[in-house]
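Student: Hi, could you walk me through this model? I'd like to start with the ligands and then jump around a bit.

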Amino acid sequence: MDISVKNQEMTTILSNASIIGVFEDDKTLTPAQEKLDKALGKMISNDLIKKEGFKGKFLDTVIVPTQLKIPSDKIMLVGLGKKKEFDCSKLRELCAKIIKQLDKTLNVKNISIELLGLKSGNFEAQDCASAMSEGFLIAMYDYDKYKTKKTTAQIKKIRIATQDAKDEKAAKTGVNNAKIICAAMDFTKDLINEPAQNATPESISQIAKNLSADLGLIFEVYNKKQLTEMNFNAFLAVGQGSEQEPKFIHLTYKPTKKAKKKIILIGKGITFDSGGLDIKPANSMLTMKTDMSGCATVLGVIQAIAALKPDIEVHALSALCENMPSGKSYKQGDILTAKNGKTIEVDNTDAEGRLTLADVLTYADELEADEVIDIATLTGACIVALGQNITGIMGNNPDMIKNIINIGKKSGETLWELPIFDDMQEMLKSDVADMRNTGSRFAGASVAGRFLQNFTKNKNWAHIDIAGTAFIDKPYKELNKGATGVMVRTLTNYIMSL
Ligand code: BES
Ligand code: MN
Ligand code: ZN
């Protein structure tokens, strides 16, 4: 699907459908809409708004044939809702709805559309074009790799019409950024959706290697023998029950200019989480191929960063392994010495993510970065607290967390801060080691965060829990069900904002 921008009246663009936005509380047509209305014999103002009573309620749509070939054989009015409430988030959702509906309508191959709701004054042309493109591209994602019958989109071309040269330029930048970010999201979603039989530590490190070669990133990979020497003992314990060899990958993007900042992203990379000897009930295991979503996210972000080229050095790290029960598995009561020397009593083999992240956080400390952000499908407790559409965030720097939450809001992704209190360490107390890997059932997401805090010395550390949001079982706004690519947008935009 190709999206392009051109400074042109919609009356002069030939398409199968022209799309016009109407506010609920302000139905006066813009000059451009008026021209189109005139070309269509007052079809918009008279027939649809006056006679048919199109209300312009948010997400309302009506598609009507024009009986003309020029400029288009169909017209679609879309409701923008109340002018004051219209924002980029609504715009994304609306564009997702538009594209899905038109793709199911007979004979729509190309569409022309204005910068929807620009007259609200609530956003600039660049953000408008960006949000529109994201809505279109995210909604059209489909995972059909293993279906013998592929679904192909009917719509091939979207032409965004602007009304002045400045808007045209800004909209082009917006569309371009959206294409980069959505391609990265597609990559992340594909990797998450890939079954664990094929998404193994080995195959994912190969994918990361190829990605690095394509994008000019530095790529390092470490195998079990090397990781033993590097004291990744907590991580290696988690993977030891599996037939798959664990891998640790480290990708680096270096700007051509001197870097303003150095940022480390860490993604949880459990390629399948059976729970280990604390085996999960069958139902809970059904989606555990997605337990490497953090890894897929940081790979997506660094892909987008390589294309957007900020003056920021970005590292993507992931410790990849499978959590499986076997005669070689790590066991309840085992005591592990993490890379930073702290000892951990294994209380529950299903709290494996934090053990793998612990050693990577210590490795990250050695790189001496300005900020460290880890992202993980870490706790069921986070899903209980925030559901499937809100991502949990916590850490040791309130300003950094606030910034990420704000960028998330603009990016169309909701984050909510959960607390970490020092005295939560009490819940991790062990009789025989420095700590154990689980607390009680209570405050599970925060206690997991408190655990991780033992393994970083960085003063700017944030932990993002995407257990609920990485993979959803109901569509939400522009997102289809399945893998969402959540946090690719937020983290990319966050790094670009630094
Ligand atoms: N990967 C799971 C968390 C998870 C659950 C992600 C559901 C996505 C959907 C994690 O490794 C886990 O099993 N956590 C345990 C921790 C507990 C044993 C302290 C949990 O949340 O139940
Ligand atoms: Mn687990
Ligand atoms: Zn897990």
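Tutor: Happy to. A polar side-chain atom of D350 lies 2.8 Å from an oxygen atom of ligand 1, a polar contact being a pair of N or O atoms within 3.5 Å; within protein, one must be able to donate a hydrogen and the other to accept it, and residues adjacent in sequence count only if both atoms are side-chain atoms. This is a predicted model: local features need pLDDT of at least 70, side-chain atom pairs count only at pLDDT 80 or more, and totals for chains, interfaces and linings use all residues. Residues are numbered from 1 along each chain as its sequence is written, chains are lettered from A and ligands numbered from 1 in the order in which they are written, and side-chain values use heavy atoms, with hydrogens and water left out.

Student: How much of the accessible area of ligand 1 does the protein cover?

Tutor: The protein covers 77% of the 520 Å² that ligand 1 has on its own. Areas come from the Shrake-Rupley method with a 1.4 Å probe; for residues, only the protein chains shown count as cover.

Student: Which residues are closest to ligand 1?

Tutor: K280, D291, D350, E352 and G380 are the closest of the 16 residues that surround ligand 1, where near means a heavy atom within 4 Å. In the side chain of K280, an N or O atom is 2.8 Å from an oxygen atom of ligand 1. For D291, a side-chain N or O atom is 2.9 Å from a nitrogen atom of the ligand.

Student: On to the metals. What coordinates the manganese ion (ligand 2)?

Tutor: Its protein donors are D273 (OD), D350 (O), D350 (OD) and E352 (OE), at 2.0 to 2.2 Å. Donors are N, O and S atoms within 2.8 Å of the metal (3.2 Å for Na, K and Ca); water is not among the atoms, so sites may look incomplete.

Student: And why is the arrangement around the manganese ion (ligand 2) irregular?

Tutor: Because its six donor atoms subtend angles of 71 to 168 degrees. Four donors count as tetrahedral if all angles lie between 85 and 135 degrees; four count as square planar and six as octahedral if opposite donors are over 155 degrees apart and all others between 65 and 115; anything else is irregular.

Student: What about the zinc ion (ligand 3)?

Tutor: K268 (NZ), D273 (OD), D291 (OD) and E352 (OE) coordinate the zinc ion at 2.0 to 2.4 Å. That site is octahedral, with angles of 78 to 174 degrees among six donor atoms. D273 coordinates both the zinc ion and the manganese ion, which are 3.2 Å apart. The pair links distant parts of the chain: D273 is in strand β10 (residues 269-273), and E352, 79 residues apart from it, is in the loop between β13 (343-345) and α11 (353-366). Helices (H or I, at least four residues) and strands (E, at least two) are DSSP runs, numbered from the N terminus.

Student: Is D273 buried or exposed?

Tutor: D273 is buried, at 3% relative accessible area. The cut-offs are under 20% for buried, over 50% for exposed and partly exposed in between (1.4 Å probe, protein chains only). E352 is buried too, at 1%, while D350 is partly exposed at 23%.
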